[in-house]
Number of protein chains: 2
Amino acid sequence: MQTEEEILKIKKVKNTAVRTVVLRHLLSQEKAQSLKDIENALAYTDRSSIFRTLKTFEENKVIHSIEDGSGMTKYAVCAKGCNCDPKDLHYHFYCTNCDKTFCLFDVPIPKIQLPENFKLKQANMVVKGLCDNCNK
Amino acid sequence: MQTEEEILKIKKVKNTAVRTVVLRHLLSQEKAQSLKDIENALAYTDRSSIFRTLKTFEENKVIHSIEDGSGMTKYAVCAKGCNCDPKDLHYHFYCTNCDKTFCLFDVPIPKIQLPENFKLKQANMVVKGLCDNCNK
DNA sequence: TAATCTTTGCAATCGAGTTGCAGTAAAAGG
DNA sequence: CCTTTTACTGCAACTCGATTGCAAAGATTA
């Protein structure tokens with residue numbers, strides 16, 4: 001596992017106090033985090049600072065965002081080597097019971113045969129249902 | 001093509017003036033519509049009535065909703081015979097240039113191999129890029 | 001017809017996301 | 001170092017899509 005400092009250095013994002021704690025928090029969580037999740041976890045950091053930090057991270061491909069249909073955008077740290085290209089696509093799983101969103105890095109996305117002359121740039125693939133913990 | 005009345009009858013939704021015009025509008029559009037799109041098209045119908053109509057339609061599987069990442073939920077009429085089951089899944093294409101969202105009924109979704117004990121119930125699959133009209 | 005339930009329209013509210021601005025901190029130039 | 005410039009942070013205010021409370025209007029049932 002890389003440290004926060006290493007990741008920011010690789011992605012050419014200047015290291016600051018807020019950025020370090022936000023990234024550390026994201027790395028420590030198994031599920032994707034909303035702005036509110038992060039705000040609640042980092043009690044003394046301002047929402048707009050976190051918000052701008054997330055935007056900066058996303059622009060520089062430190063994290064990617066997920067629209068899971070819960071009404072709040074979730075964020076997760078990109079896998080090592082990810083460039084957020086179509087080749088880096090992966091499914092996200094949203095558990096409708098426990099409200100957690102996971103990256104399914106290990107489930108391959110088959111090639112999508114788009115209609116003629118359509119150009120794929122990115123995608124937001126959210127699969128919904130019950131996670132292993134809730135499907136008992 | 002079925003009429004609005006036929007569709008509502010099949011889906012067991014009582015026919016009212018608002019429901020008819022909302023459904024008629026959705027049927028007439030090739031791209032998925034947001035609440036605002038519908039509101040603008042139906043000048044004398046109240047937003048909250050349209051909103052509640054959309055909720056009713058969705059509950060009764062007359063339409064399905066799409067989170068395309070534009071910030072506004074889009075709605076499209078379900079294909080004939082659709083029960084909004086996993087088998088009825090289809091991709092949605094969001095054109096980042098013209099801001100239109102289409103249902104790609106003709107592009108098959110391969111079987112998704114979820115991790116052990118995960119249960120698929122539904123999905124929101126949005127592919128983003130340029131549509132044929134904008135990719136010139 | 002009267003009683004009941006549903007739908008509709010209006011206004012108000014909610015909440016996630018976003019922005020302006022001033023203060024602070026960090027980097028660059030001398 | 002000290003000054004100048006640039007970037008980051010915190011606060012408050014605001015935007016806008018979504019949602020709800022309520023009363024009036026309409027439809028259904030007894």
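Predicted model: local features only at pLDDT ≥ 70, side-chain atom pairs only at ≥ 80, totals over all residues.
**Strand 3 of chain B and its partners**

Lys74(B) also turns up in a strand pairing, where Ser34(B) stands opposite Lys74(B) in strand 3 of chain B. That pairing joins strand 1 (residues 33–34) of chain B to strand 3 of chain B through two bridges, and the strands run antiparallel. Strand 3 of chain B also pairs with strand 2 (residues 63–67) of chain B, in the antiparallel sense and over five bridges. Here Ile63(B) has Val77(B) as its bridge partner in strand 3 of chain B. Strand 2 and strand 3 of chain B form a hairpin with five residues between the strands, and in this hairpin Gly69(B) takes a positive phi near 85 degrees. Four of the five residues of strand 3 of chain B are buried, so this strand is largely enclosed by the rest of the structure.

**The sheet and helices of chain A**

Now for chain A. Three strands of chain A form an open sheet in the order 1-3-2, with antiparallel pairing. Which strands stand at the edges? They are strand 1 (33–34) and strand 2 (63–66) of chain A; each has a single partner strand, so one side of each is left without a neighbour in the sheet. Strand 1 of chain A is joined by two bridges to strand 3 (residues 74–77) of chain A, and these strands run antiparallel. In this part of the sheet, Gln33(A) has Tyr75(A) as its bridge partner in strand 3 of chain A.

Two helices lie across these strands. Helix 2 of chain A lies across strand 1, strand 2 and strand 3 of chain A, at about 85 degrees to strand 3 of chain A. Helix 4 of chain A lies across strand 2 and strand 3 of chain A, at about 110 degrees to strand 2 of chain A.

The helices pack against each other as well: helix 2 (residues 17–28) and helix 4 of chain A have their axes 10 Å apart and an angle of about 75 degrees between them. Helix 2 and helix 4 of chain A are therefore roughly perpendicular to each other. From helix 2 of chain A, Val18(A), Arg19(A) and Val22(A) meet Ser49(A), Ile50(A) and Thr53(A) of helix 4 of chain A. Sorted by class, this contact has three nonpolar, two polar and one charged residues.

**Where the two chains meet**

The contact between the chains takes 30 residues from chain A and 29 residues from chain B. On the side of chain B that touches chain A, strand 4 and strand 6 (119–130) of chain B are the elements that give two or more residues. Strand 6 of chain B has the largest share, twelve residues. By class, this side of chain B has 15 nonpolar, eight polar and six charged residues. Strand 6 also links the chains directly: eleven bridges join strand 6 (residues 119–130) of chain A to strand 6 of chain B, and the two run antiparallel. Within this pairing, Leu130(A) stands opposite Lys119(B).

**The surfaces near the DNA**

| DNA strand | Residues around it | Nearest residues |
|---|---|---|
| DNA strand C | 20 residues | Ser48(A), Thr73(A), Thr16(B), Val18(B) and Ser49(B) |
| DNA strand D | 20 residues | Thr16(A), Val18(A), Asp46(A), Ser49(A) and Ser48(B) |

Near DNA strand C, helix 4 of chain B gives the most, with four residues. The residues of this surface divide into five nonpolar, nine polar and six charged. For DNA strand D, the largest share of the surface, four residues, comes from helix 4 of chain A. The surface near DNA strand D has five nonpolar, nine polar and six charged residues.

Terms used. Residues numbered from 1 in each chain as written. Chains lettered and ligands numbered in written order. Contact = placed C-beta atoms within 7 Å. Nonpolar A, V, L, I, M, F, W, Y, C, P; charged D, E, K, R; others polar. Pairing = 2+ DSSP bridges. Near = placed C-beta within 6 Å. Axes fitted to C-alpha atoms, helices over the stretch in contact; angles between N-to-C directions. Parallel < 35°, antiparallel > 145°, perpendicular 65-115°, else oblique. Buried ≥ 20, exposed ≤ 12 C-beta atoms within 10 Å, placed from the backbone.
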